[in-house]
Amino acid sequence: MIAATPIRRAAVNSAESKRSGRRRILALTLAATLSAGLLSACGSSGSGGGSAGSITLYSGQHEQTTQSLVAAFEQQSGIKVNVRYDDEDTFTDEIVAEEAHPVADVFYTENSPALEYLQNKNLLAAVTPATLATTPGKYDSPQGDWVGVSARVSVLIYNPSMISASQLPTTALGLADPKYKGELAFAAGETDFQPVVTSVAKTYGQAAAVSWLNGIKANAGSHVYPDNETIADEVNRGAVAFGVVNQYYWYRMQAELGASNMHSKIAYFAPQDPGYVLDVSGAGILKSSKNQPAAQKFLAFLVSKQGQEIIAHSDSFEYPIDDGVQTAAPETPFAQLQPNPITIPDLGDGSTAISLLQKAGLL
């Protein structure tokens, strides 16, 4: 994979495969591949994958979120959405490789760097101004080529039987303190972790960021996991004291396991600390799509009141971007979050984080 492309997550373990939002069952993979091939064959040469009354969606988002939104959109619009699921970084590579014979019409991601990467390669179409105006502009592409849909924030998940809240680090740099050796877990290969790395580098410089990565690598030891689901599971069962995840993984786990089976809690970094990062999930339309009107309608739906309410009441536990829509779950209100004020352009395409992770021997 080229250096500027967001990294591919490591293979998931058996515990993670039980998580409905990260299914990687072989049958589904084969079915998705076959579906993509048939759609490509049926479309005209150089066209998007869907017919005039349908669109093909590449979704790197969690299936719970995507399925709820797609079902409601199809019912409202009458437009069929053919969905393929995979990691957003895998799809980023595919979209670039498929440029001459495009398949996707819309790309829906968990994080902004994948969309920024495609935007920098001039592969995304401009989003309708009315759609961009629906939600706060700071969560959209600065060039107007993709729209922010939902958000999540990085937190610490910890097991109170192993470490108290008062013993947790309050800063990202504190994660590298040798006193946490053997107690820390993180997912170096997660695209969700890239923004934290970029945020640390933006604040303290790249040399300091590499030193920090070496420190947390030493502290984690064998607890460098492939993904946030594994971190949440391992902390909850007492295999490791604490870890870095996005907040919604804890809420999803609580919904799946039930309150009586929760042995972990979450804590926030200090306000505006580089470890306290708001990640934006977004969607963009491929410039090669021949179904632009239908694709634009889908993006408009994602940020509409109906779409945002679906996100707010779904079991994905992400924050809707619309500041007038509140989550149904008892999470810290979106307006009360105090993340590091790093911007979408500052987070970039993920290449800085990838380079630093490679220097630290974590990729």
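Author: A residue is called buried if its relative accessible area is under 20%, exposed if over 50% and partly exposed in between (1.4 Å probe, protein chains only). The model is predicted, so local features need pLDDT of at least 70 and side-chain atom pairs count only at pLDDT 80 or more, while totals for chains, interfaces and linings use all residues. Residues are numbered from 1 along each chain as its sequence is written, and side-chain values use heavy atoms, with hydrogens and water left out.

Reader: What makes helix 5 mostly covered?

Author: In helix 5 (residues 112-120), 8 of the 9 residues are buried, namely Ser112, Pro113, Ala114, Leu115, Glu116, Tyr117, Leu118 and Gln119. These buried residues pack against helix 4 (88-97), strand 3 (106-108), strand 4, strand 8 (278-285) and helix 13 (344-347). Helices here are DSSP runs of H or I with at least four residues, and strands are runs of E with at least two, numbered from the N terminus. Just after helix 5, asparagine 122 takes a positive phi of about 60°.

Reader: Why is arginine 152 called buried?

Author: Arginine 152 has a relative accessible area of 0%, which lies under the 20% limit, and therefore it counts as buried. This arginine 152 lies in strand 4 (residues 146-158).

Reader: How do you know that arginine 152 and tyrosine 248 are joined by a polar contact?

Author: The side chains of arginine 152 and tyrosine 248 are joined at 3.1 Å, and a polar contact is a pair of N or O atoms within 3.5 Å, where within protein one must be able to donate a hydrogen and the other to accept it, and residues adjacent in sequence count only if both atoms are side-chain atoms. A polar atom of the arginine 152 side chain also lies 3.5 Å from the backbone oxygen of glutamate 110.

Reader: Why is the aromatic pair of tyrosine 248 and tyrosine 249 called tilted?

Author: A search of the whole structure finds 13 aromatic pairs. In the pair of tyrosine 248 and tyrosine 249, the ring centres are 4.5 Å apart with 55° between the planes. Rings of Phe, Tyr and Trp (its six-membered ring) pair if their centres lie within 6.5 Å, and planes under 30 degrees apart count as stacked, over 60 as edge-to-face and the rest as tilted, so an angle of 55° falls in the tilted class. Both tyrosine 248 and tyrosine 249 are buried.

Reader: Which accessibility class does tyrosine 268 belong to, and which does tyrosine 276?

Author: Tyrosine 268 and tyrosine 276 form a tilted pair, 5.8 Å centre to centre and 35° between the planes. Tyrosine 268 counts as partly exposed because its relative accessibility is 26%, whereas tyrosine 276, at 5%, counts as buried.

Reader: What makes up the largest nonpolar core?

Author: A nonpolar core is a set of buried Ala, Val, Leu, Ile, Met, Phe, Trp, Tyr and Cys residues joined through side-chain atoms within 4.5 Å. The largest one has 77 residues, of which Phe107, Ile157, Leu175, Phe193, Trp212, Leu213 and Phe242 touch the most other members. Its largest share, 7 residues, comes from strand 4. A second, separate core of 26 residues includes Leu57, Ile79, Ile285 and Ile311.

Technical notes. Contact = heavy atoms within 4.5 Å.
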